[in-house]
Structure formats: C-alpha cells, structure tokens
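Visitor: I would like to learn how to read a few features of a protein model. Could we take them one at a time?

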Amino acid sequence: MAHGTTPDEEHLTVGPGLGFPSYALRSGGSPLGWPSAMPANPRRPDVSRETRGTDDVSRETSSDDQPASADVSAQGVVASPERADDPTPVTDDRAAVAAAIPEVGVDTPLARAVATDHVKRITLVGVDLPRPSETRVLTIANQKGGVGKTTTTVNIAAALAQGGATVLVIDLDPQGNASTALGIPHHAEIDSIYDVVVGSTPLGEVVATCADVEGLLCAPATIDLAGAEIELVSLVARESRLRRAITAYIDERRASGEPIDYVLIDCPPSLGLLTVNAFVAAREVFIPIQCEYYALEGLSQLLKNVELIKTHLNPGLHVSTILLTMYDARTRLSAQVAEEVRIHFPGETLKATVPRSVRISEAPSHGQTVMTYDPNSSGALSYLEAATEMAQRHAARTRPEGEPQ
Ligand SMILES: Nc1ncnc2c1ncn2[C@@H]1O[C@H](COP(=O)(O)OP(=O)(O)OP(=O)(O)O)[C@@H](O)[C@H]1O
Ligand SMILES: [Mg+2]
C-alpha cells in the first residue's frame, strides 16, 4: 500500500492493465517497462522525430532504423529530412512523396517492411476520414478466444476517432479488457454496461470519455457482467435490451447536436446471451481472424449464428468486415489462412492486415491503445490503414450516384 492512503483510496487508485497499482506507475518505471510518465496523447499523433521518446522504442518501431526519405508532421505536412531546419513544406502532395520512395525487392523483407510502413505514415497519418451519414453499429465478434477482438475494437475505435469521428466503444465482456485498454476505470463500484443491460440505467449515464483520444467514448464493463448471462434469461426482451439502450442513446445524442458516428461492441469469446444482445443491437458484424490454423474452425458456427439472428431477430444484420490479425509475413501458414479467408470472403476481408507486434500487446498495460502509445509502430499504422479502408469502403458504398469521390 502507498504511504498516506487509506485502504479505500488505495482501492480506487488501482491502475489499469494487470491490476498494477497506480502508485507503481508513478514510481519511476519497472523492469517490465512501466513508464514513470504517460506519453502525451494528442488526437493527431505527432510522429515527428523530434518529439519521439527513444528510451522505450523497440527495434520494431524505431524510426532511427529506417532509411527515412521523408517525415510527416502532425498535420501531415511532408518535409524532407535534409531540410529539417527549414520549416517550409516541400510539398503537401502525399501521394507524390510516397511514390518517390524507392521500390524494395522481395529479397530484403525487412527493408521492404520499413518502406511499406513509411508509405503508410506518409499517406494515412493525420488524414480526416469520411464520416458515415448515419451511426454505424458494429459488433466485433468471434467466439474463439484471444484472436484480437478487444485489440481490434479499441484500436479501430481510436483510429476512427483520430480521423475525426465520434466513436463509442461498448465493453460487453466481463473481463473488461476494452475498458482497461482505453484507461477507463471499471472496478466493481462503477456504474457499467451491466446496469444498462440487466438494470434500467440509461446508456448515457455510464458512458465515460477516453482522456487520450478526443471523440472516443466507452461504456465500461465490470465483473458484475459475469452474472448477466444467467440474469438475462428471466428478463423480458432479453435479446434486445442492449439494442433499446443504444438506440435511445444515439437518438439523444443526435437531438443534442452531438451525433455518434460509430458504436463498436466488444464481445466476449462465447455465443451466449451477451453476444446475442450485441448481434441484435448491431447492423454489421466485424470478425477479426487470427492467422492461425484453428482460427477457421469456429468460423462456420459463428456464421450460422449470424444467420439465425438475421432470420429471427435482426433482418439487417450482415458480416461487413473481416480483418486478419497477428499476421506473420514470415510464415506460410499466415499466408495460407489469409488466402483461404479471402477466397471465401472476397468482399468483406480488408486488404490491410495487422502484424504481430510487441507494441500492440504492450499498449493495454499502459491503459492506452497503440494508436497513442506508439503511433509510429507498424501495428498502429496497420490499424490506421484498416480503419481508413473501413471508412472509405462504406463511404464509397453509400455515396449517392453522380457525387464526386
Ligand atoms: N497484432 C497483435 N500483435 C501482438 N499481440 C497481439 C496482437 N493482437 C492481439 N494481441 C495480444 O493477444 C492477446 C489477445 O488479444 P485480445 O485480448 O485482443 O483478444 P480477444 O479476442 O479480445 O480475447 P478474448 O477472447 O479473451 O476476449 C492480448 O494479449 C493482446 O495484447
Ligand atoms: Mg476480448
């Protein structure tokens, strides 16, 4: 226990992540790399070399390793490194600068990966994304555990919010991992999504603001939710309780002139009543698939469930997006899983894939998404690419005919 605090205060100051006490976070770091101070987290991540810390940058993400031909400032203005003392932007034509980066052959995979990240940094960072005309409600689901549902939910949400959208993450998993990753308190005393789904608390009363990213909101989950599967069984309209709460909240926000652009629901690794509530509340299903052999085994069961919900409870439900996560470009297995998924779901699978990345797995222990923890890392750039693709594909699909792109 920290000096000068009562047991009650101590309870309230338990930090995010592995239940690490917050005083430990303040005490100058630990062998695990816990920082003594949180990095700054502007909505537009500053990826300029001058502002990057070097002490906790892994090789994976160090820009010093990279044969930089250009840097992108927070506003996305491109300047060449030789002219770093000259603030005049050389050009703001991102595509032209990206095209000027020399092609790297397949025989040097590391250099190729560096060049690819560099192009992503130039073309994607700081770009405003198209916002949907109506709120998009997506359920991030896969009954297989540990495939990257929560990681995908929070990072896509942060990337969309950094792109100018207002995004609500609903943590519907009793583990509360999404709440942790967004730095939202979720100990037992907090009003949470449990009170909304099982009780009658309006969603707006439990929504908290994520301090790190402007426009990012979260309805946290507490351990109470573990009992919800059983408690829901005897309740009226047990499958549509979340839908009702979300619809009321969306309407309320629209009426107050602060519309929500996206609602992302992070599901538990099961197909129980909580997941059914998420399927009934959403219009779109977003499936993260881990690039491992077993990843495909549960997929048909998941798709069957989506069809059942569609037939009986939510006719508009459809799988809109599939994202390949933990992709390891060095293994044939990853490539084979990716190929298989793309053959079966050519329209739904995003071109962007998310690599295995140390920075992605470190970020939650700091109560952050990788989008703010290390916006320069390959993991952050991949999630930014995926979010951009997701927003642009939807905009292209819903754009009225004849309207310019
Ligand atoms: N691209 C990645 N690179 C490295 N680690 C990752 C990546 N994506 C996820 N992880 C790590 O894998 C673990 C599982 O990820 P996550 O919690 O997002 O999966 P999940 O599907 O939500 O799990 P659950 O089914 O328990 O809810 C976490 O420790 C996370 O940090
Ligand atoms: Mg999870």
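Visitor: In which strand does Tyr327 lie?

Guide: Tyr327 is part of strand β9. This is a predicted model, and what follows is computed from it.

Visitor: Is Tyr327 buried or exposed?

Guide: The test is a count of neighbours: 20 or more other C-beta atoms within 10 Å make a residue buried. Tyr327 has 21 C-beta neighbours inside 10 Å, so Tyr327 counts as buried.

Visitor: Which residues does Tyr327 touch, leaving out those up to four places away in sequence?

Guide: Tyr327 touches Cys291, Ser334, Ala338, Thr353, Val354 and Pro355. Sequence separation and distance in space can also be set side by side for a pair: Tyr327 and Arg356 are 29 residues apart in sequence, with 5.8 Å between their C-alpha atoms.

Visitor: What is the phi of Ala237, and where does Ala237 lie?

Guide: Ala237 has a positive phi of about 50° and is not a glycine. Ala237 sits in the loop between α8 (228–233) and α9 (241–255). Ala237 has 10 of them, so Ala237 is exposed.

Visitor: At what angle do α9 and α10 pack?

Guide: Helix α9 and helix α10 (residues 273–281) pack at about 45°, and their axes are 7 Å apart. Angles under 35 degrees count as roughly parallel and 65 to 115 as roughly perpendicular. The two helices, α9 and α10, are therefore oblique to each other. The crossing of α9 past α10 is right-handed.

Visitor: Which residues make the contact between α9 and α10?

Guide: From α9 come Arg241, Leu242, Arg243 and Ile246, and from α10 come Asn277, Ala278, Val280 and Ala281. By class, this contact of α9 with α10 has five nonpolar, one polar and two charged residues.

Visitor: Which residues does Val137 touch, not counting those up to four places away in sequence?

Guide: Val137 touches Ile246, Val263, Ala281, Ala282, Arg283 and Glu284. Among these, Ile246 and Ala281 also take part in the contact between α9 and α10. Val137 itself lies in strand β3 (residues 136–140). Val137 counts as buried because 23 C-beta neighbours lie inside 10 Å. From C-alpha to C-alpha, Val137 and Arg243 are 9.9 Å apart in space, while 106 residues separate them in sequence.

Visitor: How many residues are around ligand 1, and which come nearest?

Guide: There are 18 residues around ligand 1, and Gly145, Lys149, Thr150, Thr151 and Pro269 come nearest. The elements giving two or more residues to this shell are α5 (149–162), β9 (318–327) and α13 (358–362). Helix α5 gives the largest share, three residues. By class, the shell has five nonpolar, ten polar and three charged residues.

Visitor: How many helices and strands does the protein chain have?

Guide: The protein chain has 15 helices and ten strands. Of its 405 residues, 42% are buried. Among contacts with a separation of 6 or more, 73% are between residues 24 or more positions apart.

Key:
Residues numbered from 1 in each chain as written. Chains lettered and ligands numbered in written order. Predicted model: local features only at pLDDT ≥ 70, side-chain atom pairs only at ≥ 80, totals over all residues. Near = placed C-beta within 6 Å. Helix = DSSP H or I, 4+ residues; strand = E, 2+ residues; numbered from the N terminus. Nonpolar A, V, L, I, M, F, W, Y, C, P; charged D, E, K, R; others polar. Buried ≥ 20, exposed ≤ 12 C-beta atoms within 10 Å, placed from the backbone. Axes fitted to C-alpha atoms, helices over the stretch in contact; angles between N-to-C directions. Parallel < 35°, antiparallel > 145°, perpendicular 65-115°, else oblique. Left-handed = near helix turned anticlockwise from the far one by under 90°. Contact = placed C-beta atoms within 7 Å.
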